[in-house]
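Here is a short briefing on one protein model. The points are grouped by topic.

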Amino acid sequence: MKRRCGNLSRKWFKTIQALILVMFVVVMVGCSSTPTSTNTKDTKVKVGENKDKSNSKIEGDLKIHYIDVGQGDSILLQYEDKNMLIDAGTNASTNTLISYLKKVGVKKIDYLVATHPHEDHIGGMDGVIDNFQIGTMYMPKKTANTVTFKDVVQAMKKKGIKAKAPVAGEKFALGAVQCMILAPNSKDYDNVNNYSIVIKATYGKNSFLFTGDAESLVEKEILAKGFDVRADVLKLGHHGSRTSSSTVYLNKVNPKYAVVSLGKGNDYGHPHKETMNKLKSMGVKLYRTDEGGNIIATSDGKDIKFNVSPGSYTPGRK
Ligand SMILES: [Zn+2]
């Protein structure tokens, strides 16, 4: 009995010894994975704080206004007190655009993007520069020998604005909205449309793609670069023209919704039948400024809601 007790206590002693060894190893491993033992607590607290902060960032709504400027483009992204304006419509729509921006409370445009120097995108840019405080301005390295373009350059000079040239892959933030430039990817193009600055904006789980008038060639370049183009909402390139929205690109973007900015009964037959058929067969809901007027998409970082019902797939008549 005594001997058994002796064996038993020896067994216990060995077990406790083993346990101590295990605990020692655990503590040592724990220490070696953090810079110092005293920092362990701080690191943990910091990680927690950062996590909370990044979670709380996705709060409130991102509003995207596809403003009805007739046959042209102008898109406002609004998040808290931050604004980004992509294009500024035509010369004729300048006053409508300025009143709209003022009505929705814009005072400063943190990012102003002129996708390319065509009149239907930069027509109202001089008016916008004159009327609002401007932060960073992006413009492609492409000039135009037009009065409209000269007016924009003049307005920039007057305010001392120097435009930044877009660099594909460059990222910037509009509050909690992460933006990335996807194009242009070449220095020279035959077609001015292809100089268009393409931007993807991501807010929480939602993403939006803004393509200017970029055509299939640019879409091909973006895919060749390996950029992640997946987006919930695609602003159709070149007002729904058949020269943009190639099948391979649409499949990669795989949008739930598409928005097209265009004028009723425009001279170009936009949106083209080919693009409409592709969207219809993919089951993409289409919102169009010629039918719905100003289209406003609201994202809470999870879901996207529109202010109007989806429009038709009816092509334009030429
Ligand atoms: Zn255009």
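Helix α3 has cover from several elements, including β1 (62–66), β2 (75–79), β3 (82–86), β4 (108–113), α5 (125–131) and β13 (295–299), which lie over its buried residues. Contact here means heavy atoms within 4.5 Å. Helices (H or I, at least four residues) and strands (E, at least two) are DSSP runs, numbered from the N terminus. The model is predicted: local features need pLDDT of at least 70, side-chain atom pairs count only at pLDDT 80 or more, and totals for chains, interfaces and linings use all residues. Residues are numbered from 1 along each chain as its sequence is written, and side-chain values use heavy atoms, with hydrogens and water left out.

**Helix α3**

- The buried residues of α3 (residues 94–103) are Thr94, Leu97, Ile98, Tyr100 and Leu101.
- They sit on the same side of α3 because they cover an arc of only 160° around the axis; the arc is that of the directions from the helix axis to the C-beta atoms.
- Asn95 and Lys103 are exposed on the other side of α3.
- Buried means under 20% relative accessible area, exposed over 50%, and partly exposed in between (1.4 Å probe, protein chains only).
- Glycine 105 follows α3 and has a positive phi, near 85°.

**Overall architecture**

- The protein has 10 helices and 14 strands.
- Of its 318 residues, 47% are buried.
- Among contacts between residues at least 6 apart in sequence, 67% join residues at least 24 apart.
- The accessible surface is about 17,000 Å², and carbon and sulfur atoms account for 54% of that. Areas come from the Shrake-Rupley method with a 1.4 Å probe; for residues, only the protein chains shown count as cover.

**Zinc site**

- The zinc ion has Asp120 (OD), His121 (NE2), Asp213 (OD) and His239 (NE2) as protein donors, lying 2.1 Å from it.
- Donors are N, O and S atoms within 2.8 Å of the metal (3.2 Å for Na, K and Ca); water is not among the atoms, so sites may look incomplete.
- Along the chain, the donors follow the spacing D-H-x91-D-x25-H.
- Distant parts of the chain are linked by the pair of aspartate 120, in helix α4 (residues 119–122), and aspartate 213, in the loop between β9 (206–210) and α7 (216–224), 93 residues apart.
- The site is irregular, with angles of 87 to 149° among its four donor atoms.
- Four donors count as tetrahedral if all angles lie between 85 and 135 degrees; four count as square planar and six as octahedral if opposite donors are over 155 degrees apart and all others between 65 and 115; anything else is irregular.
- Aspartate 120 is buried at 15% relative accessible area, and aspartate 213 is buried at 1%.

**Glutamine 71**

- Glutamine 71 lies in the loop between β1 and β2.
- Its relative accessible area is 17%, so glutamine 71 is buried.
- Beyond residues up to four places away in sequence, glutamine 71 touches Thr90, Asp120, His239, Leu262, Gly263, Asn266, Tyr268 and His270.
- A polar atom of its side chain lies 2.9 Å from the backbone nitrogen of glycine 263.
- The side chains of glutamine 71 and asparagine 266 make a polar contact (3.4 Å).
- A polar contact is a pair of N or O atoms within 3.5 Å; within protein, one must be able to donate a hydrogen and the other to accept it, and residues adjacent in sequence count only if both atoms are side-chain atoms.
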